[in-house]
Amino acid sequence: MNYRGPQRVRLDHKPMPEILHPEDAIVRVTRSCICGSDLHLYNGNVPDTRVGTTFGHEFIGIVEEVGPDVHNVKIGDHVLVPFNVACGKCSFCQQGLYGNCHESNAQATAVGGIFGYSHTAGGYDGGQAEYVRVPYANFGPTVIPPGMDPDDAVMLCDVVPTGYQAAEMGGIQPGDTVVVFGAGPVGIMAARCAWLFGAGRVIVIDEVDYRLEFVRNYAPAEVYNFKEMDDVVLFLKKATDWLGADVYIDAVGAEATGNAIQSLTGRIGLLQGGSPTALHWAINSVKKGGIVSIVGVYGPTGNYIPIGNVVNKGLTIRGNQTSVKRLLPRLIEHVQNGVINPKALITHRLPLEEVAEGYHLFANKLDNCIKPVLIPSRAGV
Amino acid sequence: METIDIQVVNAVRTQLPTREELAGKFTHIKGWGVDIDPENDPTYPMKNPRTDAEQLGYTWQRPAQQPQTVEVLQTNERPNLPAVFGTSSPPSGLSGAIRRYAFTFSESNIMHWIPLIVADRVNMVEGLMDDLLHGTVQNFTKEKGLTAPQEPNKTDLMTNVLIGTAVTIGVMLILRGRSRATQIE
C-alpha cells in the first residue's frame, strides 16, 4: 500500500524491509485491518503524513527473519503485533504505559511510535503490505495461541484492547450508566466491554443506522441516531433522570460530524486538531463528578471544547493510546472463553490488491461496512 | 524581547528517596505528607505497576541504538534519537525543506504543525511529478477506490446535489449582479 495524497492510495512494489536493529524482526503479513483512525491519515488530516508511506497498525503475520538479539519469537511463529512500537525498558513502558514509549519516536514526544501512522508517530511503514519491519521483537509481537482464529487475532492488535481500555478508563462502577459516542468498531467494542466492568445501562449514539443496529444486538445496547434529535445533550439529560450518565466514552475523535462549525473548523479547515463534537457533547451531558474517557484520535493542535464546564462540573477526563501489551493476556482469555467475539465485526475480507477499494468502502460507509480486513496473496492462512 | 536561557540539568539520581528521607527533607514544612494515600492513584490502571521510575529522569538502561542510515527529523523536545526509529520516506525536495524548518519549532508551537501540513500538500504534488518522470500512469479512479461496489448514500447524494445547485445559483446571481452594476456604471 502506498499513500499518494488525500484519499488516494495504491498498491506498489516497495523494497523488502530489512533488519535495521538487533531486536528487529521481519514479519510476513497474513491479515491487516483498515482502522477508523487510518481515515485521519487517508483524509490528509494528520501532519507529516508523507507520500510513499504504507499505513496499517493492525496486523498479524509469520516471523520470516529475526535480528541477532531476538529470542522471544522465532522464525515461523505466527504473531499478533500490538499497534504500539514499545521498547519495554523505558520508565514509561516499565509502568505499563506501552503507548507512551520514549524509545520509539524521533519526531514527537507526545506519542510513542505507532506502525504505519505518519511520521508524527515515528515514520514506520505499516502492515498493509506483504512484509513489515517490526522493531523490539522481543517485546511487542505475541505468539497467537494455538486454535485462535486469525480473524480474532488481528482484532486483538487494536480494536479489542482499545474498546476495552476505553471502558477501563471510564472507571465504571457496578450499575453505572455508560454512553458511548460512535458505533464504529472501537465504539462497538467499548459498549461490549462496558458490561464487563459492571455497567447497568449502555447507550450508543451514532448517525449510521446499520452500525447502530449491529451494536444494539452485539453489545447489546440502547441505540439512538443523533440525526433524529434536536439537541443531543438535552436528549441524554432527559434519558438519564436529568442528571446525565456517569461515564462517557468518546470513540469518534477528529472525524466527528453533527456540528457544522466544528466540522468546518476542525475537519475541513484544519484550524483545530479535528472536530471535537462528540467530546463537546460528552462534557456537557455527563453527570457532575463524572468521567469522560477518550480513545478517539485527535490531531496535535488545540480543540474548541468547553473546558470551563470540566471545572464547574468536577469532571475527570482520561485518555491514552491503548497499552495493548498490558491488556493482551486478559483479552486473549476473554476471546478464548467466548466472552468477546471480535471477528463478528469483520464485514469485508479483501485481497491486499484491493486496498484502495477497501478504504473507499470503509471511509464512505458503503455496503454496510464495519471492519474491512486485507489479506495478502502470500498470507497462506 | 528578553529571552530566558534555561540551563539543562541532567538527572543523576539512581534511586528514589524513601518516605522517611523525604519527610526528613521537608521537616520545615508543617504538615508535609500527613495525608499521603497510596490508594488514591488516578493513574491506575494505565500505570500498572506505578513505580515512579520517571522521577529518576532519563536514566533507564537504553536498548541498543539503531544506526542512522537516512535523514531522520528529530523533535527538539528530546536530546537524542530514540533507540529505534522509522526510516520510511526520508525528507526530500521542497517538502523536505519545509519539514526541516518545521522541526526547528517545538511540538507546542503552531509553527511546527502548519508547515508540516503545507509540506504534506507540496509532497502530494511532488508525488504526481515523480510519477510523471518515472512514466507511471495515474489511475485516479483506481487510487480513490471508485472501482469498489458503489452503494451511494442517498441522503449524502441529495445533500451534495442541493449544495452544488445552491452554490451554482449563488455564483450565477453574483456574476449577474456584477454584470448589471458594470452596465449601470
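Two residues are in contact if their C-beta atoms, placed from the backbone, lie within 7 Å. The legends below describe close-up views of a predicted model.

**Figure 1. Chain B consists of five helices and zero strands.** Read from the N terminus, the elements of chain B follow the order α-α-α-α-α. Of contacts in chain B between residues at least 6 apart in sequence, 42% join residues at least 24 apart. Chain B has 185 residues, and buried residues account for 16% of them.

**Figure 2. Chain A and chain B meet in a contact to which chain A brings 56 residues and chain B brings 52 residues.** On the side of chain B that touches chain A, α3 (110-133) and α4 (140-143) of chain B each supply at least two residues. The most is given by α3(B), with nine residues. Sorted by class, this side of chain B holds 23 nonpolar, 15 polar and 14 charged residues.

**Figure 3. Six strands of chain A form an open, parallel sheet in the order β12-β11-β10-β13-β14-β15.** At the edges stand β12 (222-225) and β15 (316-319) of chain A; each has a single partner strand, so one side of each is left without a neighbour in the sheet. From one strand to the next, the twist averages 20°. Strands of a sheet pair through backbone hydrogen bonds, in either a parallel or an antiparallel sense.

**Figure 4. Strand β13 of chain A pairs with β10(A) and with β14(A).** Strand β10 (residues 177-181) of chain A runs parallel to strand β13 (residues 247-250) of chain A, and four bridges join the two. A:Val178 lies opposite A:Val247 in β13(A). The pairing of β13(A) with β14(A) is likewise described as parallel, over four bridges. Here A:Tyr248 has A:Val292 in β14(A) as its bridge partner.

**Figure 5. Strand β14 (residues 291-294) of chain A has buried residues pointing both ways.** A:Ile291 and A:Ser293 point one way from the strand, A:Val292 and A:Ile294 point the other way, and all are buried. Four bridges, in the parallel sense, pair β14(A) with β15(A). Within this pairing, A:Thr316 in β15(A) is the bridge partner of A:Ile291.

Figure 6. Angles over 145 degrees count as roughly antiparallel.

**Figure 7. Helix α4 (residues 185-196) of chain A and helix α5 (residues 209-218) of chain A cross at roughly 20°.** Their axes come within 10 Å. Angles under 35 degrees count as roughly parallel, and α4(A) and α5(A) are therefore roughly parallel to each other. The crossing of α4(A) and α5(A) is right-handed. In this contact, A:Ile188, A:Ala191 and A:Arg192 of α4(A) meet A:Phe214, A:Val215 and A:Tyr218 of α5(A). By class, the residues of the contact comprise five nonpolar, no polar and one charged.

Figure 8. A:Pro220 is placed in the loop between α5 and β12 of chain A. Most peptide bonds are trans.

**Figure 9. A:Tyr136 and A:Asn368 have positive phi values.** Most residues other than glycine have a negative phi. For A:Tyr136, which is not a glycine, phi is near 50°. A:Tyr136 belongs to the loop between β8 (131-134) and β9 (142-143) of chain A. With 28 other C-beta atoms within 10 Å, A:Tyr136 is buried, the cut-off for a buried residue being 20 or more. For A:Asn368, also not a glycine, phi is about 55°. A:Asn368 sits in the loop between α11 (355-363) and β17 (371-375) of chain A. A:Asn368 is partly exposed, with 15 other C-beta atoms within 10 Å.

Technical notes
Residues are numbered from 1 along each chain as its sequence is written. Chains are lettered from A and ligands numbered from 1 in the order in which they are written. This is a predicted model: local features need pLDDT of at least 70, side-chain atom pairs count only at pLDDT 80 or more; totals for chains, interfaces and linings use all residues. Axes are lines fitted to C-alpha atoms, for helices over the stretch in contact, and angles run from 0 to 180 degrees between N-to-C directions. Angles under 35 degrees count as roughly parallel, over 145 as roughly antiparallel, 65 to 115 as roughly perpendicular and the rest as oblique. A crossing is left-handed if the near helix is turned anticlockwise from the far one by less than a right angle, and right-handed if clockwise. Ala, Val, Leu, Ile, Met, Phe, Trp, Tyr, Cys and Pro count as nonpolar, Asp, Glu, Lys and Arg as charged, and the others, Gly among them, as polar. Two strands pair if DSSP finds at least two bridges between them. A residue is buried if 20 or more other C-beta atoms lie within 10 Å of its own, exposed if 12 or fewer, and partly exposed in between; C-beta atoms are placed from the backbone.
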